[in-house]
Amino acid sequence: RQTDRQTDRQTDRQTDRQIDRQNNSIDVAKLLMSLVVVAIHTNPLANLNNEDAIILFDKFVNIAVPFFFIASGYFLAKKIIMPICNENVRVIKKYLAKILKMYIFWMLLYTPLEIYHFIKSGTPIIKELMLYARGLFFFGQQYNSWQLWYLLSVIYSLCFLIVLSKIRKIKIVDLIVLSSMFTVISFGIDCFVGVDINVGHIKTFQSLVKNLIANGRLFQGMVYIPIGMILAKNKIPRLINVLLCACGTILLIISNNVIVNSYTVIVLVVGLFGIIEEVKLSDNNIYCYFRKMSTVIFLIHMYVWTAYCCMIYGERTYGFDCFFVTSIVSLIIACVVVNFSRLNTRKST
């Protein structure tokens with residue numbers, strides 16, 4: 001068994017190195033997208049008086065998290081032999097264990113902010129414990145840790161794939177069906193909780209959904225991760241990617257319908273991901289840094305933003321200075337963490 005584990009680890013490392021060399025451009029894009037996520041949460045245009053610019057900004061920054069989902073599915077599928085069945089699901093289980101550890105670690109790391117908020121708001125302790133449990137299992141966030149829902153969505157998506165693989169072999173067509181099905185579920189819930197309902201029982205049910213899961217975002221992992229897995233196994237022609245990107249951009253600019261924009265984001269992100277994937281950059285260790293830095297920035301920036309707002313304004317504030325300071329400090333922290341992690345790895349080897 002020990003020999004088998006060592007062989008598996010060596011195989012995984014070789015596979016990771018091959019993927020790293022082939023997709024350096026995606027690592028660069030992930031670093032940029034992590035800064036877009038910072039922009040989503042700090043809202044650099046908060047003090048701008050141009051409503052059209054703010055609307056366009058809100059539309060286009062929404063591609064960041066779907067891009068991360070697709071990248072996760074893409075890299076996962078690069079290590080998997082299709083069709084996925086109970087016998088070859090080891091890679092998914094390994095990835096699930098990694099994400100689960102990350103989620104627990106970062107949820108604990110952000111817990112002091114929740115305790116601070118709890119003390120400041122004067123919430124009864126029983127209610128606070130219930131809210132914390134809801135945030136842990138259903139919302140994927142606590143106070144000022146909004147980005148952690150992404151990890152919880154990935155966890156639930158991987159669990160679903162593992163369970164499904166025990167029932168049947170998951171083929172490409174199954175991934176298409178799954179993504180389509182969860183698109184309807186996720187966007188449908190978003191639409192349902194966003195409308196005003198005055199009918200008694202339906203309004204009660206709407207309130208229940210809002211209080212339990214907030215919206216349909218937890219299901220987004222099963223929208224985009226299968227898409228990423230499909231893209232890893234089936235290459236879309238360059239011209240199609242350009243057309244998808246162009247059509248998605250135009251539709252986002254001209255459309256004001258929430259549901260249309262949700263589907264348009266899928267079109268745009270798929271095209272953008274395909275274009276970026278085709279950009280082949282010469283191999284360099286810096287891209288490995290970029291990939292790890294993007295993860296740290298994505299996860300730590302809410303702490304940085306919270307600390308900055310408390311020190312300068314005394315309360316949660318938005319604006320360009322919040323975005324700029326949060327981005328720079330998060331980049332510095334990411335550099336330190338990645339280098340420290342690399343030194344520890346060298347010492348252990």
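1. Thr 317 sits in the loop between α13 (285-312) and α14 (320-348); helices here are DSSP runs of H or I with at least four residues, numbered from the N terminus. Residues up to four places away in sequence aside, Thr 317 touches Trp 305, Cys 309 and Cys 322, where contact means heavy atoms within 4.5 Å. A polar atom of its side chain lies 3.0 Å from the backbone oxygen of Glu 315.

2. Before going on, please keep in mind that this is a predicted model, in which local features need pLDDT of at least 70 and side-chain atom pairs count only at pLDDT 80 or more, while totals for chains, interfaces and linings use all residues. Residues are numbered from 1 along each chain as its sequence is written, and side-chain values use heavy atoms, with hydrogens and water left out.

3. Next, have a look at Phe 68 in helix α4. Phe 68 counts as buried, at 6% relative accessibility. Leaving aside neighbours within four places in sequence, its contacts include Lys 30, Met 33, Tyr 150 and Phe 298.

4. Now turn to helix α8. With 23 residues, α8 reaches 33 Å from its first C-alpha to its last, close to the 33 Å expected at 1.5 Å a residue; the expected span is 1.5 Å times one less than the number of residues. Among its buried residues are Leu 175, Leu 178, Phe 182 and Ser 186. An α-helix has 3.6 residues a turn, so residues three or four places apart point the same way. The buried residues of α8 pack against α7 (149-167), α9 (200-213), α10 (221-233) and α12.

5. Asn 144 is in the loop between α6 (125-139) and α7, and has a positive phi of about 55° although it is not a glycine. Ala 214, in the loop between α9 and α10, has a positive phi of about 70° and is not a glycine either. Is each one buried or exposed, or partly exposed? Asn 144 counts as buried at 2% relative accessibility, whereas Ala 214 counts as partly exposed at 23%.

6. Finally, find Pro 83 in the loop between α4 and α5 (90-121). The peptide bond from Met 82 to Pro 83 is cis, with omega near -5°.

Key: Helix = DSSP H or I, 4+ residues; strand = E, 2+ residues; numbered from the N terminus. Buried < 20%, exposed > 50% of the residue type's maximum accessible area, 1.4 Å probe, protein only. Polar contact = N/O pair within 3.5 Å; in protein donor to acceptor, adjacent residues only side chain to side chain.
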